[in-house]
Amino acid sequence: MGVVKKKQIQPGIARWRFVLVAALLCLLALALILHLARLQVLPAAERGYQFLQDQGRARTIRTEEIAAYRGSIVDRNGELLAVSTPVHSLWANPKLLREAGEGALQRLAHALDLKPTKLTARLQRYRDREFMYLRRHLAPEQAERVLTLDVAGVFSRKEYRRFYPAGEMVAQLVGFTDIDDRGQEGLELAYDDWLSGQSGAQQVVKDLKGRTVQDLSIQREARPGRDLRLSIDMRLQYLAYRELKRAVAKNGASSGFMVILDTQSGDVLAMANQPSFNPNNRKGVKATAMRNRALIDQFEPGSTVKPLTVLAALESGRYKPQTQIDTNPGYIRVPGKTLVDPINYGKLDLTGVITKSSQVGITKIALDLEPNGLRELFYRLGLGAAVGSGFPGETPGILPSRNRWHPIERANFAFGYGLTVNGVQLAQAYSVLANAGIKRPVSLVLSTDTTTAEPERVIAAPLAEQVSAMLETVIGSRGTGRLAAVEGYRVAGKTGTVHKVGSSGYADNRYRSVFAGFIPADNPRLAAVVVIDDPSQAKYYGGEVAAPVFGSVMTGAMHLLQVPPERVEPAERQLTAQLSERGTKS
């Protein structure tokens, strides 16, 4: 018989066990759903979805600054004097950059034209920081060449760099900004708040390597700075700069400046300085070259204030233009000093005193005038008070006030010693004479603001006109300023040759050559002052050194401004033929 196999009976899973396992699985899934809901849906849950979103934003969303464009500076005709151009600055996260490896550092240093050891040393100094500049103000194509290396931790940010198209011609006036585009000197500093824009801000998403992957939103729009329009006319500025530079070099002078005012508005049309500098590349520039001498330097004006002393004499009522002053025997003794004329001029009327620039004549007038009255007249004309240009470092000069004036102090004061002025003040005083006694506020900025200070009358018109007529004789064939003549135009002005102060008082062989005047004398348009400091060649008189600069500049200025020439009389033709001759002493 065959063997009968028994059928194996496999026990089934108990139903209650199946239900239990299924229930546990469902509960686990429900718990997971509840946990996810607590993290991502329920707002009030601790460390819920709001917490996670905040943490995610903190790790990926950054707020970046949007650089603001600095306003441009232009001349009165809109010619650019200062403008900001977009550039790129490269920066790095030192931690990420160190992790990039030695090879990446080598490539980066080569692209930045740096020694690898120098880059490594800089990374060591900034090891505890998250920001480090690699190179500032690169052209976009230069920055792109570095970024294409794709070195971890290297980034770029857009900035602006200041550029000065006019270069050294207006360097001291316009000034310059620092690497962060903040005004440091000149009008860039004075009007920094006006020119500076307001930076904006935007939110961006960045990856773990710090690269921007998405722009989210603009939080604050960048507001560009406002443009600044100066009163300067670059055509006249170029003339003044060219002739001043030529005169300083020709006479071996240490420095010089020229100021030109519009007599009808008070605007400064030109303000040139020597020596100068290139504001686009200031490497190795000396501080003395950055000084705007026309407003910052103060100097004794010398004989250029003699006409103002004569004006005070006329204003006193005791003198007329034809009043005779006896200058015999060619010198006068004042307690403490003997004052001498080059020759004995004998008897001179007031016009002759100005024409010959007689020390003796002016001294006699000064000793007859009340000294504080003379000082008050100087002050009315603008000496001893800031002109209100707003230029940083502008000096008000020194106008002494005394209860008792010694005779020598009165004499010195009357012919331009013992007081100091700046170039713009002296030009403003001559502008008052040119305007028949009207004093106009001086401005470096072309303004349409109707609240600008109003002109004021400070001198009676007939007196100012009388002195102006006297100043015309200085440019004549017998005057000290004939090299300031301009063919076809009447010129009024005065020369000055001032002894400079040395370590032991006034130096016998160091001078400052000065000329102040206006043109055309019958209908003035421009007033100007030229100062050449410390000429070292054979010539040093104001009529020889400073007056020719005035003549050359004004010849071009009259053509540029299209001021029609007058009908030239034969005597005037003879005068213009003498322009190349040597001037007489002042």
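The model is predicted, and local features need pLDDT of at least 70, side-chain atom pairs count only at pLDDT 80 or more, while totals for chains, interfaces and linings use all residues. Residues are numbered from 1 along each chain as its sequence is written, and side-chain values use heavy atoms, with hydrogens and water left out.

Helices (H or I, at least four residues) and strands (E, at least two) are DSSP runs, numbered from the N terminus. Two strands pair if DSSP finds at least two bridges between them. An open sheet of 5 strands, with antiparallel pairing, has the order E12-E11-E21-E20-E19. Strand E12 (268-274) and E19 are at the edges with a single partner strand each, so one side of each has no neighbour in the sheet. On average, neighbouring strands of this sheet are turned by 10° against each other, direction ignored. Helix H18 (residues 461-474) packs on the sheet, where H18 touches E19 and E20, and the direction of H18 makes about 75° with that of E19. Here contact means heavy atoms within 4.5 Å; axes are lines fitted to C-alpha atoms, for helices over the stretch in contact, and angles run from 0 to 180 degrees between N-to-C directions.

Two hairpins belong to this part of the chain. Strand E19 (residues 492-502) and strand E20 (residues 505-519) run antiparallel and are joined by 10 bridges. Between E19 and E20 there are 2 residues, and the two strands form a hairpin. His-499 has Tyr-511 in E20 as its bridge partner. E20 also runs antiparallel to strand E21 (residues 526-533), with 8 bridges joining them. The hairpin from E20 to E21 passes through 6 residues, and Ile-519 stands opposite Leu-526 in E21.

The next stop is a loop. Asn-435 lies in the loop between helix H17 (423-434) and strand E17 (438-439). Is Asn-435 buried or exposed? Asn-435 is buried, because its relative accessible area is 15%, and buried means under 20% relative accessible area, exposed over 50%, partly exposed in between (1.4 Å probe, protein chains only). Leaving out residues up to four places away in sequence, Asn-435 touches Thr-263 and Arg-440. The side chain of Asn-435 reaches the backbone oxygen of Thr-263 at 2.7 Å.

The last topic is the aromatic rings. Rings of Phe, Tyr and Trp (its six-membered ring) pair if their centres lie within 6.5 Å; planes under 30 degrees apart count as stacked, over 60 as edge-to-face and the rest as tilted. By this rule there are 13 aromatic pairs. One of them is the edge-to-face pair of Phe-415 and Tyr-417, at 6.0 Å centre to centre with 75° between the planes. Phe-415 and Tyr-417 are both buried. Tyr-540 and Tyr-541 form a tilted pair, 4.5 Å centre to centre with 35° between the planes. Tyr-541 counts as buried because its relative accessibility is 11%. One aromatic cluster is formed by Trp-91, Phe-131, Tyr-133 and Phe-155.

Technical notes. Polar contact = N/O pair within 3.5 Å; in protein donor to acceptor, adjacent residues only side chain to side chain.
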